[in-house]
Amino acid sequence: MSKPVSLFRKAINKVRYGMFLHSLVGRLRHIGLVIYPYYLVREQFRAASDLQVSIKPKLESLTTGFLEADEIVSAMQDQEQNAPAGGYKSAQRVADGCLCFGVKNGQEVIAYTWCDLKVCNHEPLPFELGAAEAYLFDMYTSEEYRGKNLAPFMRHELYTHLNEIGRTDFFSVTDAFNSASKRFKSKLGAEPVKLYFYIKVGSLFERNILLKSYCLEKQ
C-alpha cells in the first residue's frame with residue numbers, strides 16, 4: 001500500500017504540478033457550473049531516440065503491461081471510493097472493452113491509464129474509432145510517486161503495447177487548465193487537433209463550442 005499523503009502536501013503538489021486552476025474549476029461543478037476548455041489531441045508512437053527529452057523514469061526496475069481484473073480493482077479502489085456518484089467505474093469500462101495499462105514497482109501498481117479501442121468516450125465529444133485507432137484517457141499516478149517522470153514513461157510504454165496489437169494512431173483529451181498533462185504529452189510529440197469550450201449550467205444550458213482547428217504537421 002502507498003503511504004498516506006498529508007493534505008498540505010496534496011495542496012503543494014497541486015500548485016507545483018500546475019493543477020490549481022484545474023482544481024478550482026472542478027469545485028464549480030458542485031454548484032452546477034461546468035466550465036471546460038479542452039483540446040482534442042493526436043498522439044503517435046515515436047522512438048525514444050527521436051524525442052527531444054528523456055522519458056526515463058526516476059525509479060529503477062519498473063514493469064509495465066495491461067492489468068488483470070483483480071489488479072484494476074486494487075489499483076482503483078481508493079480513487080473510485082472518492083469519485084462522484086455516477087462516474088464511469090472500472091467494472092463498466094472493462095465490460096465496454098476498455099483496457100487498463102499500469103506501471104508496477106514490485107507488485108504495487110503505482111500508475112495506470114485507460115484506453116478505449118471502440119470509441120472516444122469523452123462525454124462532450126464522442127466519436128467512433130477506426131481499426132488502427134485508440135482513445136487514451138484517465139491517467140493516474142499515486143501521490144508519493146509524482147514528479148518522477150512516470151507519466152511520459154507510461155504513455156510511451158502504452159504506445160508500444162498498442163502498436164503490437166495494430167493500434168498506431170491515438171486520440172486523447174487535455175484540459176486546457178491542466179498544465180502538467182500538456183507538458184508530458186508535449187514531451188512525446190503530441191499535437192492538438194481542435195480546441196473546444198464546453199459549458200453547462202445545471203439543466204438550463206449546455207453547449208460544446210469548437211474554438212479552433214489546428215493544421216497538423218505531416219508525420
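Q: What does buried mean here, in relative accessible area?
A: Buried means under 20% relative accessible area. This is a predicted model, and Cys-120 is buried in it because its relative accessible area is 1%.

Q: And Cys-115, buried or exposed?
A: Cys-115 counts as buried too, with 0% relative accessibility.

Q: OK, zooming out. How many helices and strands are there?
A: The protein has six helices and 10 strands. Of its 219 residues, 37% are buried.

Q: What share of the contacts join residues at least 24 apart?
A: That share is 70%, taken among contacts between residues at least 6 apart in sequence.

Q: What order do the strands of the open sheet come in?
A: Eight strands form the open sheet, and the order is S2-S3-S4-S7-S8-S1-S9-S10, with mixed pairing. S2, residues 62-66, and S10 are at the edges. Each has a single partner strand, so one side of each has no neighbour in the sheet.

Q: By how much are neighbouring strands turned against each other?
A: On average by 25°, ignoring direction.

Q: Which strand is S2 joined to, and by how many bridges?
A: S2 is joined by five bridges to S3, residues 99-105, and the two run antiparallel. In that pair, Leu-62 is opposite Asn-105 of S3.

Q: Next topic, helices. Which strands does H5 lie across?
A: H5 lies across S1, S2, S3, S4, S7 and S8, and runs at about 150° to S7. H6 also packs on the sheet, where it touches S1, S7 and S8. The direction of H6 makes about 155° with that of S8.

Q: At what angle do H5 and H6 cross?
A: Their axes cross at roughly 50° and come within 9 Å. That angle makes H5 oblique to H6. The crossing is right-handed.

Q: Which residues make that contact?
A: On the H5 side, Ala-151, Pro-152 and Arg-155; on the H6 side, Phe-184, Lys-185 and Lys-187.

Q: Back to Arg-155 in H5. Buried or exposed?
A: Arg-155, which lies in H5 at residues 150-164, is buried, since its relative accessible area is 2%.

Q: What does Arg-155 touch?
A: Leaving out residues up to four places away in sequence, Arg-155 touches Glu-43, Thr-113, Leu-136, Met-139, Ser-172, Phe-184, Lys-185 and Leu-188. Phe-184 and Lys-185 are also among the H6 residues in the helix contact.

Note on methods. Residues numbered from 1 in each chain as written. Predicted model: local features only at pLDDT ≥ 70, side-chain atom pairs only at ≥ 80, totals over all residues. Heavy atoms only, no water. Buried < 20%, exposed > 50% of the residue type's maximum accessible area, 1.4 Å probe, protein only. Helix = DSSP H or I, 4+ residues; strand = E, 2+ residues; numbered from the N terminus. Contact = heavy atoms within 4.5 Å. Axes fitted to C-alpha atoms, helices over the stretch in contact; angles between N-to-C directions. Parallel < 35°, antiparallel > 145°, perpendicular 65-115°, else oblique. Left-handed = near helix turned anticlockwise from the far one by under 90°. Pairing = 2+ DSSP bridges.
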